[in-house]
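This report looks at how the parts of one chain are arranged and where they meet. Keep the structure in view while reading.

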Amino acid sequence: MNIQVTTKNMELLECFASETRVRIIELLDHAPRSIKELAAELGISSAIVTKHIQKLERAALVGTESVSGTRGRLKVCRLLPDVVTLQLRAPAVRDASRYSFSIPVGQYNDFKVKPTCGLASETSMIGIVDDPRYFWDPEHVKAKMLWFSSGYVEYRIPNYLVGGQTASSITISLEICSEAPGYNENWPSDITFWMNGIELGTWTCPGDFGAQKGVFTPDWWYHGTQHGLLKTIAIRSDGTFLDGIKLSSLTPADLNIQPNDELRLRISCLETSTHCGGISLLGRHFGNYDQDIEVTITYGQLEEKPSELTE
């Protein structure tokens with residue numbers, strides 16, 4: 001999760017201004033806890049803990065779930081993001097501008113997948129589970145979640161650059177995890193990201209998360225995976241990063257971005273990987289983050305070299 005330090009993000013920034021809320025985050029880092037358990041460990045009332053949890057929920061730092069206990073229902077709390085990166089400066093690019101858009105996970109333009117695999121909208125399954133042919137079903141564009149054990153899906157990113165404009169950075173945010181039959185929270189998967197046919201780098205996802213219901217996952221869904229991890233890929237002038245950790249030295253200049261040609265984002269799990277644990281992609285109405293694949297492209301004017309003077 002990348003957060004620009006601005007007044008519009010005060011809801012989240014204020015979460016770290018309270019020692020009690022920071023202690024709650026520390027406790028939830030070890031394991032999910034109920035409101036009552038947090039109150040006992042912090043030595044404060046459940047009512048006060050509830051107010052702090054509500055603030056952390058509004059900032060999407062903590063998720064809650066009502067579960068059955070020995071004496072009625074319990075509200076269990078857990079951390080959502082693994083990493084929060086605070087960005088103090090806006091990207092400093094001469095004559096820079098940007099455009100952003102969302103790509104629904106079902107609007108891929110190419111794929112090659114193997115079972116287990118499938119597609120789901122926010123209301124029902126699309127086609128038959130574990131039959132890759134249904135990835136070309138016309139309804140696939142409505143998918144809000146998709147999964148496969150190996151292979152890839154590829155998306156086309158519009159390129160609106162004109163004239164002498166050149167991409168300065170490309171940022172992609174998505175919710176993703178491994179794909180195990182049912183689910184398995186200890187199921188590593190090597191997920192490789194590509195742009196324009198060039199390998200950006202590989203990240204190993206730790207598992208396929210199904211033990212806790214996703215905050216936005218619809219009630220009808222009961223097929224294992226409940227949520228993923230929110231990951232942000234940033235292709236910048238100093239390299240390619242995943243949540244601030246360097247994946248490779250590739251920059252936008254290395255991607256052969258041509259005027260009027262779209263960018264091709266491929267997300268793959270190769271059968272030759274050390275951990276071929278599949279991919280689950282979650283969009284709006286699924287998981288812990290109510291978003292699709294979010295893309296931002298920052299661009300500037302290509303500077304012309306001064307002409308050489310001749311006598």
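## Two domains

In this predicted model, the centres of domain 1 and domain 2, taken over C-alpha atoms, are 28 Å apart. Domain 1 covers residues 2-85 of the chain, and domain 2 covers residues 92-301.

## Where the domains meet

Nine residues of domain 1 are in contact with nine residues of domain 2. Together the two domains bury about 820 Å² between them, and 48% of this area lies on carbon and sulfur atoms. On the side of domain 1, Glu-65, Arg-78 and Leu-80 account for 50% of the area buried against domain 2.

Polar contact, by contrast, is found for two residue pairs across the interface, both at pLDDT 80 or more.

Residues 92-301 make up domain 2, and strand 13 (residues 239-242) and strand 14 (residues 245-248) pair with each other in the antiparallel sense. The pairing runs over three bridges. In one of them, Thr-240 has Ser-248 of strand 14 as its bridge partner.

How many residues lie between strand 13 and strand 14 in the hairpin? There are two. Asp-243, in the turn, has a positive phi of about 50°.

Note on methods. Residues numbered from 1 in each chain as written. Predicted model: local features only at pLDDT ≥ 70, side-chain atom pairs only at ≥ 80, totals over all residues. Heavy atoms only, no water. Domains from an automatic or database assignment. Contact = heavy atoms within 4.5 Å. Buried area = accessible area lost by both parts, 1.4 Å probe. Polar contact = N/O pair within 3.5 Å; in protein donor to acceptor, adjacent residues only side chain to side chain. Pairing = 2+ DSSP bridges. Helix = DSSP H or I, 4+ residues; strand = E, 2+ residues; numbered from the N terminus.
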